[in-house]
Amino acid sequence: MTRRLRFTGTDSKNGGCPALHEDLDSREIIVQGRPLTDPRDIAQLRHFGTGDMAVAVPRRLLVNWAPKELDRMPEVIGPDEFARLFETFEHTAWHLETRRGYASDREDLDYETFLETGRVGYDLDSAWLRNIRRQVDAGKRVGRVRVVDTPPTEGQRFLLGYGVANVASGEEVGCLWRADALRTDLLEEDFWIFDSRLVVVLHFDQADALTGMELITDPAEVVRYSIARDTAVHHATPHAEFTALMTPTD
């Protein structure tokens with residue numbers, strides 16, 4: 001079975017070796033580096049078994065990017081602390097939206113209207129949108145990229161319609177087909193990143209209900225999410241352009 005590998009990090013300045021990856025299932029760390037081939041070097045290695053391979057990597061790669069704990073203890077925050085982040089961030093707040101639907105959307109009265117009419121209603125004077133406008137008016141940037149399936153799910157169609165309100169409130173909204181997200185190895189996690197220094201990963205159950213919010217401040221982890229943000233923004237299509245190009249069967 002093919003491993004599910006997640007890029008962890010590299011100290012390379014040009015995108016080459018060395019690098020670390022993590023096996024998402026076994027939690028093994030895959031070390032990518034320059035192979036050790038000189039028989040005299042290999043002869044000095046202890047417990048070097050048949051089929052083994054040794055690679056040489058800079059010490060800083062392991063210091064900067066290797067896990068520091070066997071099992072990372074997540075720092076869980078509550079709804080109030082999460083909500084305050086949208087009031088107190090200094091420069092940027094950005095969301096990678098990866099779900100095929102959200103239980104909270106299905107509980108919205110506007111969602112029932114959408115199911116009946118195909119149109120998405122929204123209140124530009126809602127507390128959420130008022131705060132977004134306030135932050136943007138203060139010179140801050142708020143944005144998101146929505147990953148969309150082919151064809152879009154019911155929940156994604158609702159969010160694409162609601163995107164008009166996001167944009168009208170000052171958000172920079174882009175959309176990315178899931179096939180393109182997979183092609184670029186984009187993270188499949190749903191998260192917010194604030195000021196490029198802290199991340200909140202949103203955890204959901206099989207019914208798309210939010211089950212927890214995990215705060216991450218480890219610099220190496222924050223860089224990994226920052227790379228995902230930059231990748232998504234680079235490949236995404238602006239919301240208005242994306243929806244205009246969608247066909248009725250999408």
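**Stop 1: the largest cavity**

The lining of the largest cavity has 5 nonpolar, 1 polar and 2 charged residues. Keep in mind throughout that this is a predicted model. To see that lining, select T98, V147, R178, A181, L182, L186, L187 and E188. The space they line has a volume of about 60 Å³. Which helix gives the most to this lining? Colour helix α8, residues 178-183: with 3 residues, α8 makes the top contribution.

Such spaces are found with a simple idea. Rolling a probe the size of a water molecule over the atoms shows where empty space is left. Across the whole structure, the search turns up 2 cavities of 30 Å³ or more.

**Stop 2: the second largest cavity**

Clear the selection. Now pick E97, R99, R146, V147, V148, Q156, L159 and L160, the residues that line the second largest cavity. The volume here is about 40 Å³.

Colour two elements next. At least two lining residues come from β8 (141-148), and at least two from α7 (154-168). Sort the lining by class and you get 4 nonpolar, 1 polar and 3 charged residues.

**Stop 3: the second largest pocket**

Then colour the elements that give two or more residues to the lining: α3 (79-88), β7 (92-97), α4 (103-106), β8, α7 and β11 (198-204).

Which of these supplies the largest share? Look at α7, with 4 residues. By class, the pocket lining splits into 13 nonpolar, 3 polar and 7 charged residues. Note E97 here: this residue also lines the second largest cavity.

**Stop 4: D23**

Select D23 in strand β2, residues 19-23. Is D23 buried or exposed? Its relative accessibility is 4%, so D23 counts as buried.

Zoom in on the side chain. A polar atom of the D23 side chain lies 2.8 Å from the backbone nitrogen of D25. The backbone nitrogen of S26 is 3.0 Å from a polar atom of that side chain.

**Stop 5: aromatic pairs**

Show every Phe, Tyr and Trp ring. The whole structure holds 15 aromatic pairs. Begin with Y122 and Y162: their ring centres are 6.2 Å apart and their planes stand at 90°, so this pair is edge-to-face. The two residues belong to distant parts of the chain, 40 residues apart. Y122 sits in the loop between α5 (109-117) and α6 (127-137), and Y162 in helix α7. Y122 counts as partly exposed, at 35% relative accessibility. Y162, at 19%, counts as buried. The cut-off for buried is under 20%.

Move to W128 and W192. Their ring centres are 6.2 Å apart with planes at 65°, so this pair is edge-to-face. W128 lies in helix α6 and W192 in strand β10 (residues 190-194), so the pair ties together parts 64 residues apart in sequence. W192 is buried, at 4%.

Now widen the selection to F82, F86, F89, W128, W192 and F194. Ring pairs link these residues into a cluster.

**Stop 6: N131**

Stay in helix α6 and select N131. With a relative accessible area of 5%, N131 is buried. What does N131 touch beyond its neighbours within four places in sequence? The contacts are F86 and E87. F86 is also one of the rings in the aromatic cluster.

To finish, draw a C-alpha to C-alpha line from N131 to E87. The two residues are 44 apart in sequence, and the line spans 7.5 Å.

Key
Residues are numbered from 1 along each chain as its sequence is written. This is a predicted model: local features need pLDDT of at least 70, side-chain atom pairs count only at pLDDT 80 or more; totals for chains, interfaces and linings use all residues. Side-chain values use heavy atoms; hydrogens and water are left out. On a 1 Å grid over the protein atoms alone, a cavity is a set of points where a 1.4 Å probe fits but cannot get out, and a pocket is an open set with protein on both sides within 12 Å along at least five of seven lines; lining residues have an atom within 4 Å of a point. Grid points are joined across faces, edges and corners, and a volume is the space filled by probe spheres set on the points. Ala, Val, Leu, Ile, Met, Phe, Trp, Tyr, Cys and Pro count as nonpolar, Asp, Glu, Lys and Arg as charged, and the others, Gly among them, as polar. Buried means under 20% relative accessible area, exposed over 50%, partly exposed in between (1.4 Å probe, protein chains only). A polar contact is a pair of N or O atoms within 3.5 Å; within protein, one must be able to donate a hydrogen and the other to accept it, and residues adjacent in sequence count only if both atoms are side-chain atoms. Rings of Phe, Tyr and Trp (its six-membered ring) pair if their centres lie within 6.5 Å; planes under 30 degrees apart count as stacked, over 60 as edge-to-face and the rest as tilted. Contact means heavy atoms within 4.5 Å.
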